[in-house]
Amino acid sequence: MRHFISFKQKLILTYIVFIVLPLSVLGLGAYNLYRQAMEDKLSDFALQVSTSTAASIESYIRELERFTLQPYYSREFQDLLTLERPTAPAAVREKKETIEKNFSLWQSQRESVTRMYYFDKPGPGSESIFNQGYLPADFTVEQMPWYASFSASDENLLFLSLHRPLSEDLNAAFDEQQVFSLVRKIYKSSTMLEYAGYFEVDFMLRDIEEIMDAVHLGESGSFFIMDRDSQLIYANDPVEQALLERLPELIDGERGMQRVRDGEQRNLIVYSQIGDYGWTVVGDVPVVQIATGNSSVRNSMLILGLACIIIAILLSTLSSIQITKPIYRLIALIKRVEKEDFAIAYPNPPRNEIGHLIRSVIRMSRRLDETIRNLYQAELLRKESELQALKSQINPHFLFNTLETIKMKAELDEADSTVEMLTSLGRLVKTSIYRGNDFIRFREERDYVRSYFHIQANRYGPRFDMTVEAEATILDCYLPKLTVQPLIENAFYHGLEMKEGKGRLRVSMEASADSTVAEKTRQAGAKPERIVITVADDGLGIEAGRLQQLRAQLEAQVQGAGADAAGSGQGIGLANVYARLKLYFGESCAMTVQSEPGAGTQVVISIPIIRNESEVHAYVSRHHRG
């Protein structure tokens, strides 16, 4: 018999699996990535420290190499060393004193120098050894451990790793501090092609110790120097002999990094060679040092993970109990909606997310038909609102400007001309606020423009030459109301009013199209029969940047920005008029603006010919249909 598991139990188990398992994997993965990143970061840092330390020591030894060039700095002293081999006791003693005096002077210039030696090259004549210490009387250069290989090589400089210094009492040498040395061949000053002897300088590790003591890498990390014979040169902390014995097989190349394991302990070994001197800077960093820093992070992640798991289990249990109770009833309601039964009900739904979902499904079913019906009506209302908003922007603006003009005229001239202006204003206002029709004849639009010109002529006198021309064949055709007035108002207040001298404004309406407008209408797929309205002035013109912005607004109408684009920026103007035309004619209308600063502006509008009221009704109906 199969064991039944309720939906609530399945939901709880699912929550636990999908929360605990990813959280555990994520936590473990994040900790491992963090630990590995910290190990890599510490490894790179330790390698950088070893490389930097090796470079500092190499630079220091290079400086010591330059110090061994002291015999060449004085030609007289070089001759004394390489050419003069006196035999008389007094001359020998004088030469010895002069050399040792120079040795003492050079030694005082560098504290790390312990001794200096000069060995004559074996050959015919007497051989001398000059030094600051004491050597056996029968000691010769052939007894030096480096002589055989160095004399046979073509090298001019020899680096000697850590060793015991020479002493007259060989047993006493074991009590002295070890030194490292540089041996340089000294050439004869007469030819510089044949060397005459060997100049050896012994150095203490004092300066190198200071460089190494300045290196720190955590509490348990240590750095030390070893030579190619696995001899320990210097170490910050004690180094196990087993590690020194393993290092030759670990070091591969000039610099690098190795991970080694010693029982349960893992160590990170970094190394960097010091030039070609046979020394290597080695860093030993226990990985446990990194793990110590990671333990706090690990413990914090474990505590946080356990807390999240416990909270997740509690929340999943509670939510499962609340979800499973009404869920089946919700499924039943959804099935009824799928069958197009929208008259569903659920008494007292729970006050939680499922209850909200139930109420939403019920509201959706009840309003679905209503929404479908209202959607079309709302779109029609939106179009109508846009058009009325555009109209309401134009009418008050012009009315305000005209009243200001009449006010100024009345204050300055108490004559009959004021009555004429009021008569013209009455015609304008009547045309603007009359809402019976959205379209008027071109005859009425021409009279409207003439009335506007009459008002402006009374205000400005003979300052402007204003003409309006309309072909007789189009006077009974129709166009949208308030199409030309915003254009001539812009021409006055943005082009002519600030111009010095006489200005000219021309308005023409004709049943023909220029090449620019015709091309745009052909691209839009419009009919060839069109009416072109041109408003041209010789005013200030439009700057190139502003003209480009204005054309961008008009282009936004072509792209379908609608009334929003017209209402931005200038608010009332060309873009506003174009937005109204687009609402009626769509792609069948066009507007172009040409302007040059100082030469004037020309605005050209192209619209389809509307010959009778039935055609007007067709355009208005299409507008209302959206």
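Modeller: Since this is a predicted model, I would begin with a definition, namely that a residue counts as buried under 20% relative accessible area, as exposed over 50%, and as partly exposed in between.

Colleague: Where is Glu-510 found, and which residues is it in contact with, leaving aside its neighbours within four places in sequence?

Modeller: Glu-510 belongs to strand β14, residues 503-510, and, with those sequence neighbours left aside, Glu-510 is in contact with Glu-471, Ile-474, Arg-530, Ile-531 and Val-532. The C-alpha atom of Glu-510 is also separated by 8.3 Å from that of Glu-469, although the two residues are 41 apart along the chain.

Colleague: How do you know that α1 and α5 are roughly antiparallel to each other?

Modeller: The axes of α1 (residues 7-67) and α5 (residues 206-213) cross at roughly 160° and come within 10 Å; because angles over 145 degrees count as roughly antiparallel, the pair is described in that way. The contact is made by Thr-53, Ser-56, Ile-57 and Tyr-60 of α1 together with Asp-207, Ile-208, Ile-211 and Met-212 of α5.

Colleague: What kinds of residue does the contact of α1 with α5 divide into?

Modeller: There are 5 nonpolar residues, 2 polar and 1 charged; Tyr counts as nonpolar and Asp as charged, which is how Tyr-60 and Asp-207 of this contact are to be read.

Colleague: What makes β2 and β3 edge strands of the open sheet?

Modeller: The 5 strands follow the order β2-β1-β5-β4-β3 with antiparallel pairing, and β2 (129-131) and β3 (157-163) each have a single partner strand, so one side of each is left without a neighbour in the sheet. From one strand to the next the twist averages 15°.

Colleague: Which helices lie across β1 and β5?

Modeller: Helix α1 lies across β1, β3, β4 and β5, running at about 40° to β4, while helix α3 (residues 89-109) lies across β1, β2 and β5, running at about 145° to β1.

Methods:
Residues numbered from 1 in each chain as written. Predicted model: local features only at pLDDT ≥ 70, side-chain atom pairs only at ≥ 80, totals over all residues. Heavy atoms only, no water. Pairing = 2+ DSSP bridges. Helix = DSSP H or I, 4+ residues; strand = E, 2+ residues; numbered from the N terminus. Axes fitted to C-alpha atoms, helices over the stretch in contact; angles between N-to-C directions. Contact = heavy atoms within 4.5 Å. Parallel < 35°, antiparallel > 145°, perpendicular 65-115°, else oblique.
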